[in-house]
Amino acid sequence: RRRRRRGTRACVRRLRQRSRRTGCWRSTWRRATARRAAAASALAKSGGPTRRGRESTCARQTHSAARRSAASLEIAAASRPHLGCTSAASRRSCGQAGVNGAIGVGDAAASSEAVRAVLADPDKRRLTDPLWQSTEVVRSLPSRLVRIEGWRTLEFGIVTERFKAPAVVVSPRDSLVVRVRLKSVDGTRVRLVQRSVDAPALAVPRGYVRLRLACGGYQIRAVAPDRCTTVYVNALDPNGYVPKPVVRTTMPDRAMTVAKAAQAAERHRKTGKWR
């Protein structure tokens with residue numbers, strides 16, 4: 001209530017200053033209030049787009065987002081020796097303003113399935129991402145909708161994830177993404193790509209801020225039965241102000257995702273425990 005009062009008083013002061021010569025600030029205020037009420041009434045009567053329209057739009061966005069994410073990860077995997085060039089190429093392909101990205105590349109003395117379990121299994125997700133809270137599959141879609149030459153689609157759907165706040169001054173984040181999990185025809189590579197989509201029917205949880213994931217995912221290539229190479233890409237817009245000290249703390253941690261996954265998989269191979 002105090003914020004509303006302060007905002008109303010500030011608006012009145014601006015109208016007074018603008019209309020001081022003519023002395024008609026009260027009528028200007030009434031007209032502005034009437035316009036806002038008419039706009040709110042029209043929006044309430046319209047009821048927004050129909051459910052079928054929302055679903056078809058979401059399906060089109062989902063399919064195009066999956067292909068753009070796959071192209072971005074292809075650029076990152078192909079540019080492995082040049083990390084600086086990889087980051088720039090990924091950012092250009094995403095085409096988003098205000099996006100900060102992290103890329104990690106590394107080898108692991110463990111099987112590709114063990115590294116994939118660390119990165120994808122919800123029970124082991126906190127080993128690489130301490131801010132992760134939960135993952136929920138909103139809707140599973142037919143895998144035949146995504147066809148990429150040289151790859152087989154294993155999983156296709158819309159997923160929402162929640163993350164804890166990295167600091168007291170920052171709100172917790174929520175993401176709504178389309179996720180595709182692929183496997184190469186020769187069976188040596190596994191790839192997961194995801195990208196944010198717009199779904200007005202799925203509201204943001206109370207207290208959370210929905211971030212925009214421009215491009216995210218990983219590719220795991222098996223070099224030997226007990227050795228693999230991993231490429232990790234994460235480019236997102238937090239959709240709000242984040243203090244620079246918090247960014248400097250979280251960005252290196254995101255870039256170390258591959259190293260953390262490799263360490264956890266190697267420990268599991270030696271001790272048989274996930275920790």
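Strand E4 pairs with strand E5 (residues 189–196) in the antiparallel sense, over seven bridges. The model is a predicted one. Strand E4 also pairs with E3, again in the antiparallel sense, over 12 bridges, and two bridges join E4 to strand E6 in the parallel sense. Eight salt bridges are counted in the model, including one between E4 and E3 that links Arg181 with Glu155.

- With four residues between them, E4 and E5 form a hairpin. Gly187 sits in the turn and has a positive phi of about 80°.
- Strand E6 covers residues 209–210 and runs parallel to E4. Asp174 stands opposite Arg210 in E6.
- Of the 12 residues of E4, 11 are buried, so the strand is largely enclosed by the rest of the structure.

- Arg181 and Glu155 meet through their side chains in a salt bridge, with an N to O distance of 3.2 Å. Because Arg181 lies in strand E4 (residues 173–184) and Glu155 in strand E3, the pair ties together parts that are 26 residues apart in sequence.
- Glu155 has a relative accessibility of 31%, so this residue counts as partly exposed.

**Salt-bridge network around Arg125**

- A network of salt bridges links Arg125, Glu161 and Arg179.
- In the bridge between Glu161 and Arg125, the N to O distance is 2.9 Å. The pair links distant parts of the chain, 36 residues apart: Glu161 is in strand E3 (residues 151–163), while Arg125 is in the loop between helix H5 (112–120) and strand E2 (132–140).
- Glu161 counts as buried because its relative accessibility is 3%. Arg125, at 15%, also counts as buried, since the cut-off for that class is under 20% relative accessible area.

**Salt bridge between Lys260 and Asp253**

- The side chains of Lys260 and Asp253 form a salt bridge with an N to O distance of 2.4 Å.
- Asp253 has a relative accessible area of 29% and is therefore partly exposed.

Terms used: Residues numbered from 1 in each chain as written. Predicted model: local features only at pLDDT ≥ 70, side-chain atom pairs only at ≥ 80, totals over all residues. Heavy atoms only, no water. Salt bridge = Lys/Arg side-chain N within 4 Å of Asp/Glu carboxyl O. Buried < 20%, exposed > 50% of the residue type's maximum accessible area, 1.4 Å probe, protein only. Pairing = 2+ DSSP bridges.
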